[in-house]
Amino acid sequence: QRDPPPTEEGWYALHDFRTIDWDAWREAPERRRQRALSEGIEYLQSHAALEDVADPGEFGGGHTAVFTVVGHKADLMIVHLRQTVGQVEAAERRFERTELAAFTEQPTSYLSVTEASGYTERAREYFEGEVDDDSGLAQYIQQRLHPEIPDADHVCFYPMSKRRQPEQNWYDLPFDERAEHMARHGDIGRSYGGKVEQMIASSVGFDDYEWGITLWADDPTDIKDLLNEMRFDPSSSKFADFGPFYFGKRFPPEDLDALLAG
Ligand code: 76R
């Protein structure tokens with residue numbers, strides 16, 4: 001009755017947040033700044049090109065994408081998706097060895113693993129190996145586990161958990177009730193198809209909340225509208241607790257020059 005849903009996992013995700021020490025940057029000699037810029041751009045480009053992944057595997061080994069973050073919480077968000085925790089950690093450590101890192105702090109970070117859960121019977125059949133790998137369902141699940149990072153202009157990231165209170169305890173609900181909630185939740189999500197893309201990654205055991213949610217959209221108000229609609233749906237209104245939100249823009253590494261100029 002209270003069984004956990006079966007799940008399947010894909011890539012490990014590190015959301016690596018960086019703030020720039022603008023005072024140190026302005027005071028640094030031109031030569032050091034040039035080195036920081038070239039090493040920073042080279043790092044971001046080579047990781048985006050996955051030059052650090054020796055064996056890309058069946059799904060291409062992962063992605064790295066860079067975003068700016070608006071407001072005081074951070075300046076950059078570097079998202080590494082990789083096949084192993086070790087690869088994600090290596091990518092994070094390699095950044096520390098660039099001259100650019102000397103001008104940054106890491107105000108926060110978030111570790112998770114992409115997850116598909118078996119709340120629908122079809123998904124459970126797929127997990128059991130009873131669905132053809134060429135089927136639409138198989139491709140949908142694999143795309144959720146090994147997502148492309150879309151080219152959309154805007155990104156939104158936040159961690160969340162499901163509530164565990166006496167009257168509102170997600171983990172005490174019978175499986176069928178949770179499955180019903182998730183079906184309605186999915187209906188809302190799918191009504192934003194073509195406008196908002198999402199990556200759902202579990203952080204149970206890895207970080208402070210239970211999931212990390214990353215959303216992409218060209219139009220920021222599509223993200224707002226989707227989240228607002230979900231807030232009125234019981235799966236969120238009754239059962240969701242949210243951490244801090246980070247909002248930003250897609251950032252081509254070669255623009256680092258322009259970002260740090262001035
Ligand atoms: O029928 C289905 O295919 C449902 C698929 C589905 C699942 C299982 C789905 C669809 N989600 C699932 C699971 Mn989701 N999701 C969130 C958030 O801010 C909030 O209120 C919640 C944050 C958003 C914005 C979002 C978007 N989802 C989950 C889970 C795990 C639950 C578990 O396993 O117990 C969480 C925490 C979660 C949270 N979801 C979708 C979306 C969107 C846009 C969709 C449609 C996706 C698509 O069709 O590709």
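**Salt bridges and strand pairing, by the cut-offs**

Mentor: Let's start with R163 and D241, whose side chains meet in a salt bridge at 3.1 Å, N to O. This is a predicted model, with residues numbered from 1 along each chain as its sequence is written. Local features need pLDDT of at least 70, side-chain atom pairs count only at pLDDT 80 or more, totals for chains, interfaces and linings use all residues, and side-chain values use heavy atoms, with hydrogens and water left out.

Trainee: Why is the contact between R163 and D241 called a salt bridge?

Mentor: The rule asks for a side-chain nitrogen of Lys or Arg within 4 Å of a carboxyl oxygen of Asp or Glu. R163 and D241 come to 3.1 Å, N to O, so the pair passes. By this rule the count comes to 17 salt bridges.

Trainee: Where do R163 and D241 sit in the chain?

Mentor: R163 is in the loop between β6 (154-162) and α6 (175-190), and D241 is in strand β9 (residues 240-242), 78 residues away. Helices (H or I, at least four residues) and strands (E, at least two) are DSSP runs, numbered from the N terminus.

Trainee: What makes R163 buried or exposed?

Mentor: Buried means under 20% relative accessible area, exposed over 50%, and partly exposed in between (1.4 Å probe, protein chains only). R163 has 15%, so R163 counts as buried. D241 has 30%, so D241 is partly exposed.

Trainee: How do you know that R94 and D52 form a salt bridge?

Mentor: Their closest N and O atoms are 3.8 Å apart, therefore the pair meets the cut-off. R94 belongs to helix α3 and D52 to the loop between α2 (30-48) and β2 (62-69), 42 residues apart.

Trainee: And what of R18 and E96, how far apart are N and O there?

Mentor: That salt bridge has 3.0 Å from N to O. It links R18 in strand β1 (residues 7-20) with E96 in helix α3 (residues 85-96). R18 has 2% relative accessibility, so R18 is buried; E96, at 38%, is partly exposed.

Trainee: Now the strands. Why are β7 and β8 said to pair?

Mentor: Two strands pair if DSSP finds at least two bridges between them. β7 and strand β8 (residues 211-217) have seven, in the antiparallel sense, so they qualify. Within this pairing, E197 stands opposite W216 in β8.
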